[in-house]
Amino acid sequence: MTDWDPSKPILEIENLSISFFTRAREIPAVMDFSCTVMPGESMGLVGESGCGKSTVALAVMRDLGTNGRITSGSIKFKGRDLTHMTEEELRHIRGSEIAMIYQEPMASLNPAMRVGDQLAEVPMIHQGMTRDAALKLARQIIADVRLPDPDRILRAYPHQLSGGQQQRIVIAMALMAKPALLILDEPTTALDVTVEAGIVDLVKDLGTKYGTSMLFISHNLGLILDVCDRLCVMYSGEAVETGNVVEVFDKMRHPYTQALFRSIPLPGADKNSSPLIAIPGNFPLPHERPKGCNFGPRCDYFRDGLCNAGEVPMDAVPGHDRHATRCLRWREIDWDAPPKVGKVTEKLPRGRLVLKMEDLRKYYEVSAGAFGGGAEKVVKANESLSFEAHENETLAIVGESGCGKSTFAKVLMGLETATSGSIMLFDENVQDTPIQARNTDTVSKLQMVFQNPFDTLNPSMSVGRQIIRALEIFQKGSSDAERSDMMLNLLDMVKLPRAFAERMPRQLSGGQKQRVGIARAFAGGAKVVVADEPVSALDVSVQAAVTDLLMDIQRENHTTLLFISHDLSIVRYLSDRVMVMYLGHVVELGTTDQVFAPPYHPYTEALLSAVPIADTRVKKRRIVLEGDIPSAMNPPPGCPFQTRCRWKTRVPGNLCDTVLPPVQVLAGGHQIKCHLSTEELAAMEPVISMAAE
Amino acid sequence: MLPFLLRRVGVMILTALTLSFVVFCLTNLAPNLEKLARTEGSVRMSDEAVDSWIINNGHGGLMITRYGQWLGVVPGWTRTDDKGVTRGRCITEGVTAEEAPRFCGILQGDWGTSTVFREPVAKTISDKLASTGWLMLWVMLVMVPVSLIIGVMSGMREGSRTDRVLSTFAIATTATPEYVSGVILVVIFASATTGISPLLAEWGWIDGRTLFLGTATSAIDQITFWNFALPVMTIALYGIGYIARMTRASMTEVMTQQYIRTARLKGVAFHQVILKHALRNALIAPFTVIMLQFPWLLNGVVIVETLFNYKGFGWTLVQAAGNNDIQLLLACSVVAVFVVLVTQLISDIGYVFLNPRIRLS
């Protein structure tokens with residue numbers, strides 16, 4: 001590559017179109033896509049699932065599978081057109097000039113090869129390095145990606161590492177040959193937020209250190225703001241807006257970008273006074289795209305005869321830094337007009353006590369060896385959980401994977417029984433009653449909305465039938481006709497057309513399936529609903545709609561909602577009270593305002609800092625936690641958080657190492673489980689602040 | 001590792017005891033014993049004489065004690081008849097009743113005497129097993145590499161022409177039982193009147209009348225390509241198809257895994273992707289299947305050894321069963337049980353080595 005001039009773009013995609021060919025038809029996945037990445041620049045590709053962003057990434061790698069083909073356009077890398085290269089030429093570029101980091105680190109590493117060998121392979125292929133030299137380089141790069149004990153990791157198999165460590169290995173593998181371009185396909189989606197923050201920092205630092213250009217694919221706008229210089233918003237196979245990150249965030253010129261920002265919960269959004277605005281309608285399927293503007297049917301600014309007349313070209317926004325939009329009306333739209341505020345609702349008063357947990361514990365006994373035997377170990381999934389939930393209230397339960405929030409849900413639902421403690425549902429003690437032994441009334445009062453709507457509906461039963469089945473189990477309605485009526489009312493309640501009763505789950509989109517899941521949960525007039533990450537599997541524009549639906553139903557039925565989530569943005573938006581969990585302990589409990597403002601528990605502070613926020617005005621203090629969450633099988637003595645806590649030095653003596661902190665009750669019933677003195681807590685500064693406008 | 005092995009061996013012994021007891025019961029059912037009495041004694045014995053023969057020869061009494069005697073944990077029976085001659089399980093020719101050991105079962109190495117071959121069962125079994133060992137060795141040497149190559153080749157590019165051709169071959173061979181493929185092979189290669197042998201003989205390309213020998217009897221003394229190829233191929237063909245299908249399924253699954261994409265996008269050449277990244281992962285599943293083939297081979301050799309008149313273990317089993325040779329039949333079963341259990345143990349241990357995710361603690 002001696003003839004390449006470093007002032008020229010490193011990657012230049014021009015009018016790229018990609019189609020997948022099936023027996024039935026040609027499915028265009030990407031149409032007329034252009035973007036340019038300059039050396040050292042990081043470019044974000046953002047969009048909802050199915051918009052073609054990963055297809056673009058794979059096209060750059062020329063790895064579209066047997067039925068994917070580039071139908072037109074060019075991809076120039078350092079001035080050379082990748083679309084016309086032979087397999088052999090491509091092989092020299094892959095891994096050495098362009099490297100990729102993938103979404104699921106566990107699946108991307110060969111389970112039967114040692115990490116060291118997988119890393120060493122790259123320079124051995126591309127630079128003809130000897131195995132010893134390659135392993136030495138691997139050791140150095142492992143230290144570069146800030147993994148402890150590189151020698152042990154070189155000899156480890158992927159399954160012996162945690163998710164965050166695996167992703168660092170994938171990053172190390174990509175960096176082995178010092179590539180000019182790095183493609184990151186949702187590199188942190190499968191990871192916890194605090195781990196994600198570490199990875200994002202690492203990627204940014206390494207980008208600066210090695211001068212690597214990046215193509216960063218994500219659905220998370222906050223992450224794009226953190227990492228990228230420029231971005232390209234994609235919708236249904238097309239780039240709809242591209243430009244400098246700050247310009248696109250603050251002065252967007254495409255209705256889809258605007259709608260996207262309005263549908264994500266940013267600080268300041270509130271379920272009562274300024275609710276989220278969901279994008280109406282559904283994402284078009286590739287073969288059902290409308291004529292003209294793809295976003296037309298869902299757009300507020302749609303004008304018949306103009307927007308659906310013909311192809312819409314990219315139009316440069318003058319005066320901006322390479323900012324362009326695929327909208328015909330962007331000059332006419334008043335971009336500063338405040339959004340039409342949806343219905344403003346009153347905050348519901350807190351009702352009577354519905355659920356009370358006291359000192360709940362759940363321990364699991366596991367045997368250590370793979371073939372049985374070995375010492376029995378105790379996993380303390382939940383430790384002394386105590387809280388109350390009232391009618392009309394949304395209580396959010398927040399924490400990273402392994403913190404015990406799902407175990408808590410299982411115990412509450414009766415899928416598991418508690419080791420000790422009590423759960424009072426209304427006036428009934430249910431902690432020792434497994435779900436089989438609970439009476440119908442209790443079961444129908446206490447229901448659950450599940451995380452993954454794709455797996456929780458029976459694929460061979462129609463939607464209506466599934467809801468009627470739930471009604472039968474809850475002993476609602478006296479005849480089939482009556483139950484059928486109730487089912488249709490439930491469909492109305494979750495705002496699905498009545499015709500959907502006849503449909504099979506596979507004919508529904510993710511958001512629609514989740515609505516069916518909600519209808520099923522409320523079939524028996526549930527009073528307490530546990531929603532376990534109900535929107536995390538859905539796209540952002542659908543998330544807003546499903547969240548609003550849950551809120552509406554809650555207002556109508558005076559339901560108590562226990563909202564389990566790891567997404568603090570959505571928690572801040574919809575919950576009244578928040579409970580933060582870490583390693584089975586409740587470390588902080590208070591109203592949303594109390595938890596999101598100082599004083600914080602040190603873990604909450606780190607958690608808040610780790611959440612990427614898609615708002616250029618927000619200033620955050622960066623607190624990156626070192627290391628991984630300790631295993632629940634072998635928790636640290638004393639305070640569960642002591643291994644990662646940055647405040648530990650402020651506590652006198654070795655209190656944190658030895659003594660489990662007491663629960664401090666601060667003003668307004670705000671509870672924090674920490675050794676820090678009241679003065680220290682009071683002196684904490686807020687993590688998030690709004691810059692003056 | 002050691003506790004795991006000990007536990008597995010314990011379970012194996014228990015299984016072997018249970019299975020051999022079941023076989024013992026079945027072979028020692030009353031009609032079998034009656035048949036034995038009539039063949040050993042006289043065909044025209046009266047029913048009373050049969051009963052007394054059975055009792056006098058130690059086949060009376062409880063099934064469990066007889067099993068114990070056979071095993072060698074219960075003292076062998078002794079009986080002194082009217083003439084004062086003491087006979088017993090452990091009293092053989094040239095040994096007096098006083099000198100004879102009390103226990104004589106398989107634990108003491110006494111497997112009894114074969115009524116068909118008129119020699120100790122231990123000798124029969126070891127001779128025949130050695131012959132069959134050679135057959136199995138050659139079958140494995142042919143079957144495993146061929147089937148793995150076919151499976152990997154067809155699995156690495158799913159849906160390609162190579163895949164379709166090889167898959168068709170694999171399905172065809174595994175759908176043909178040995179007694180069919182054996183006959184077809186004999187007809188084509190080892191018949192003086194049909195197939196290719198008459199043609200070749202006419203052209204003067206072969207010296208004898210047939211290309212391959214239709215019988216493998218001579219292979220007992222000396223194995224040659226011409227007398228051994230057909231029996232080996234007959235058994236191997238069926239297994240080739242089966243293992244190839246398994247390997248193909250496992251290979252196609254591995255090829256769609258993300259780590260294969262990672263390897264490809266690292267710039268690893270295609271053949272290296274297959275050899276370094278896909279193969280080890282793809283062999284985990286077929287390995288168990290290959291180990292399961294060993295006990296199944298014992299079953300395959302019964303047909304093939306009879307068909308090609310190769311006097312090995314399978315042929316012996318047929319002889320023993322056909323002639324109601326209880327001791328020999330029992331010994332054959334014990335050997336079969338032993339082979340099954342040992343191969344399973346090897347399979348489990350090998351699996352652990354192939355798959356680093358399952359490591360013993």
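Which helix of chain A holds A:Val540? The legend to view 1 gives the answer; the model shown is predicted.

**View 1. A:Val540 in helix α17 of chain A.** Helix α17 covers residues 540-557, and A:Val540 lies in it. A:Val540 counts as buried because 23 C-beta neighbours fall inside 10 Å, where 20 or more are required.

**View 2. Contacts of A:Val540 beyond its sequence neighbours.** Residues within four places in sequence are left aside here. A:Val540 then touches A:Glu48, A:His219, A:Leu260, A:Ser263 and A:Ile264. A:His219 is 321 residues away along the chain. Even so, the C-alpha atoms of A:His219 and A:Val540 are 8.1 Å apart.

**View 3. An open, antiparallel sheet of four strands in chain A.** The strand order is β2-β1-β4-β5. β2 (26-37) and β5 (80-81) of chain A are the edge strands. Each has a single partner strand, so one side of each lacks a neighbour in the sheet.

**View 4. The pairing of β1 and β2 in chain A.** Strand β1 (residues 11-21) runs antiparallel to β2(A). Eight bridges join the two. In one bridge, A:Phe20 is partnered by A:Ile27 of β2(A).

**View 5. The contact between chains A and B.** Chain A contributes 28 residues and chain B contributes 24 residues. On the chain B side, α1 (2-27), α10 (258-265) and α11 (270-307) each supply at least two residues. α10(B) gives the largest share, seven residues. Sorted by class, the side of chain B that touches chain A has 10 nonpolar, eight polar and six charged residues.

Methods:
Residues are numbered from 1 along each chain as its sequence is written. Chains are lettered from A and ligands numbered from 1 in the order in which they are written. This is a predicted model: local features need pLDDT of at least 70, side-chain atom pairs count only at pLDDT 80 or more; totals for chains, interfaces and linings use all residues. Two residues are in contact if their C-beta atoms, placed from the backbone, lie within 7 Å. Ala, Val, Leu, Ile, Met, Phe, Trp, Tyr, Cys and Pro count as nonpolar, Asp, Glu, Lys and Arg as charged, and the others, Gly among them, as polar. A residue is buried if 20 or more other C-beta atoms lie within 10 Å of its own, exposed if 12 or fewer, and partly exposed in between; C-beta atoms are placed from the backbone. Two strands pair if DSSP finds at least two bridges between them.
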